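Reader: Hi! I'm new to this one. Could you show it to me and walk me through it?

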Amino acid sequence: MRRVVLCVVATTMMVCVASASAAAPANDNFADAEALAGPAGTLSGTTIDATSEPEEPCDFDVWGCGASVWYTWQTAATTTTQVSFDTCVNSYDTTLQVFTGNSLATLQIVTEDDGGCFRGSRVDFAAAPGTTYSIRVGGYGTSAGTFGLQHPSGNTPPPPTIDTLIGSVEALGLPSKLEGGLLKKLNVAQTKLEIGKVVAACKRLAAFIDQVERQRGKKIMDADANALIDEARAVRESVGC
Ligand SMILES: [Ca+2]
Ligand SMILES: [Ca+2]
């Protein structure tokens, strides 16, 4: 079986994890699109073992509608600015599409391309501030492979708040007793913050992290626990814990 080696470069070390190719990329589905924030650059992606969703708007009578992965992006500019995305370097035979809209069923095409740079693709469009664009990378026909996606600088989203953390907990559909316990800690933290008691708020946030950690792999799936803890740590940082 072909295996994919994923490497994460940390500040002081490189960690490589081998995973079976049967796993679809994390951004296979529209709902799991990877946000492109921060400086312009080129990232490595793959559509190997990716799928095409039933409602996917592949308006490609000629190009086909095979494996795809998704990204979201907002311009970092404060005025409407012409931008470009491409898969011109280190890419299989890709297609690129840009949409607006919040769900597969309501997507509106902005622009699309197949062979703007030989087998790679290139799109240019006028990006409006505050608009989230969905970027679909797919293959010509049913082809799949790895690609380099060049993207412009993206708007960095604001840091999470206790309110967004509450929304993240509620979205998980946890058992009511566990959800109630977690939300109570966050609500108390919010109240403490509002009256300027930062230390007390930090303690409640730490207790929240502890409770999530205790339920990791039990009533909270590993990935969900990681996401909640990361978000809670970011909240702690932003309030000055
Ligand atoms: Ca897909
Ligand atoms: Ca192409």
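Author: Happy to! Let's start with a strand pair: β3 and strand β5 (residues 68-73) pair in the parallel sense over three bridges. Two strands pair if DSSP finds at least two bridges between them. Strands (E, at least two residues) and helices (H or I, at least four) are DSSP runs, numbered from the N terminus.

Reader: Before we go on, what kind of model is it, and how does the numbering work?

Author: It is a predicted model, where local features need pLDDT of at least 70 and side-chain atom pairs count only at pLDDT 80 or more, while totals for chains, interfaces and linings use all residues. Residues are numbered from 1 along each chain as its sequence is written, and chains are lettered from A and ligands numbered from 1 in the order in which they are written.

Reader: Thanks! Back to β5: which residue stands opposite Trp73?

Author: That is Leu36.

Reader: And what order do the strands of the open sheet have?

Author: The order is β3-β5-β10-β7-β8, five strands with mixed pairing. At the edges are β3 (34-36) and β8 (108-113), each pairing on one side only.

Reader: Is Gly154 buried or exposed?

Author: Gly154 counts as buried, because it has 22 C-beta neighbours inside 10 Å. The cut-offs are 20 or more other C-beta atoms within 10 Å for buried, 12 or fewer for exposed, and partly exposed in between, with C-beta atoms placed from the backbone.

Reader: Which residues is it in contact with, leaving aside its neighbours within four places in sequence?

Author: Gly154 is in contact with Leu36, Ala37, Gly38, Trp73, Gln74 and Ala76. Contact means C-beta atoms, placed from the backbone, within 7 Å. Gly154 and Gly38 are 116 residues apart in sequence, yet their C-alpha atoms are 5.0 Å apart in space.

Reader: New topic: at what angle do the axes of α1 and α2 cross?

Author: Helix α1 (residues 162-171) and helix α2 (residues 176-194) have axes that come within 10 Å and cross at roughly 175°. Axes are lines fitted to C-alpha atoms, for helices over the stretch in contact, with angles from 0 to 180 degrees between N-to-C directions. The two helices are therefore roughly antiparallel to each other, a label for angles over 145 degrees.

Reader: Which residues of α1 meet α2?

Author: Ile162, Leu165, Ile166 and Val169 do, and their partners in α2 include Leu182, Leu183 and Leu186.

Reader: Last one: how many helices and strands are there in the protein chain?

Author: The protein chain has four helices and eleven strands.

Technical notes: Angles under 35 degrees count as roughly parallel, over 145 as roughly antiparallel, 65 to 115 as roughly perpendicular and the rest as oblique. Two residues are in contact if their C-beta atoms, placed from the backbone, lie within 7 Å.
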